[in-house]
Amino acid sequence: MQDKIIFAASSPDPTALQASWQQQLSNAIRDPAALCTRLGLPEAWLPGASAGHALFGICVPDAFLRRMTPGDPSDPLLRQILPLGEETVTPPGFVADPLEEADHQPAKGLIHKYAGRVLFIASPTCAINCRYCFRRHFPYSENAPSRAQWQEALDYLRADTSIHEAILSGGDPLAANDRQLAWLVEQLESIPHLKRLRIHTRLPVVIPDRVDDALLGWLASTRLQKVVVLHINHANEIDQAVVDACTRLKQAGATLLNQSVLLRGVNDDVTTLATLSERVFEAGILPYYLHVLDPVQGAAHFDVDDEQARELLAGLRDVLPGFLLPRLVREIPGEASKTPL
Ligand code: SF4
């Protein structure tokens, strides 16, 4: 008989936990006035927040909000989710689809840019709307396939034996329900040449309760090697609940990596980035990428120029061991991989 896997902090009633993360998601703040009131922000911020919100709606769950300092407009977590009037300004070079993903979609909900791996838009929604997101203008409504439509993407994978890795992305793939995800993973693992399942997600950070027994069940049982790439930009995002969620993911056999985006006003100094790497590693995650901002419309105010980015990396190299140093990269449309700076 196979040993039952006991996950740390698991609940005797998985249904209750699943309802809990879904409830947290449905209760997320989606209104700039409510956000300003909740965090005690000056009223003067509201017109700008409303202007940005009209372009890309605000979404922030309480579990993430609780890690912010009330009354501090420069809180590094707040700056990632607070819409600003600057979002209405579009300097030259900032566009709706900076990575030109529309040119690499062989099937609905599937992006194939790099050799050996393909990316599924496994969910059209996220648990949080990050203001700098390069997919903030992505046409999710045209890329939210049903199971029947997934078959086209799965057929594409079956036919190409050079593909060894499937990446679940979105939106946030873990915003999909576990029945749907378990079904998709079952389909994927039936493809003999597929070796790895990679999940790009921010949900275990934003709502740690998302890492519940239902999720761990399908994750632990797949034959595919599992890599979970989390997205954390500042050490303040990691509280004990996030550490516990990471522990559960590792118990399910996942390798944990982190990718960050270099963001003006959030993490654009050596001390903040070094603390992030240290804290990420303490949570059982390896620093992986530090992306420079993709030039997406509405996010130009987050941009850090290349020279400063290289100086920051040099400063990090002086204070961190090599294994805690993320790779500083840019994604350039048409290139065969990410480009190191
Ligand atoms: S969670 Fe990821 S995909 Fe969703 S808005 Fe944030 S950066 Fe974009």
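Helix α10 (residues 240-251) lies across β5 (225-231) and β6 (254-261), at about 135° to β6. The angle, on a scale from 0 to 180 degrees, is taken between N-to-C directions of axes fitted to C-alpha atoms, for helices over the stretch in contact; contact means C-beta atoms, placed from the backbone, within 7 Å. Helices (H or I, at least four residues) and strands (E, at least two) are DSSP runs, numbered from the N terminus.

This is a predicted model, in which local features need pLDDT of at least 70, side-chain atom pairs count only at pLDDT 80 or more, and totals for chains, interfaces and linings use all residues. Residues are numbered from 1 along each chain as its sequence is written.

The protein has 12 helices and 9 strands. An open sheet of 9 strands runs in the order β1-β2-β3-β4-β5-β6-β7-β8-β9, with mixed pairing; two strands pair if DSSP finds at least two bridges between them. Strands β3 and β4 pair in the parallel sense over 4 bridges, and Ile-167 has Arg-198 in β4 as its bridge partner. Some strands are listed here.

| Strand | Residues | Note |
|---|---|---|
| β1 | 110-111 | edge strand, pairs on one side only |
| β3 | 165-170 | parallel to β4 |
| β4 | 196-201 | parallel to β3 |
| β9 | 339-340 | edge strand, pairs on one side only |

The residues surrounding the ligand include Cys-126, Cys-130, Cys-133, Arg-135, Asp-172, Arg-202 and His-231, each with its C-beta atom, placed from the backbone, within 6 Å of the ligand.

The C-alpha atoms fill a box of roughly 60 × 45 × 45 Å along the principal axes.

Methods. Contact = placed C-beta atoms within 7 Å.
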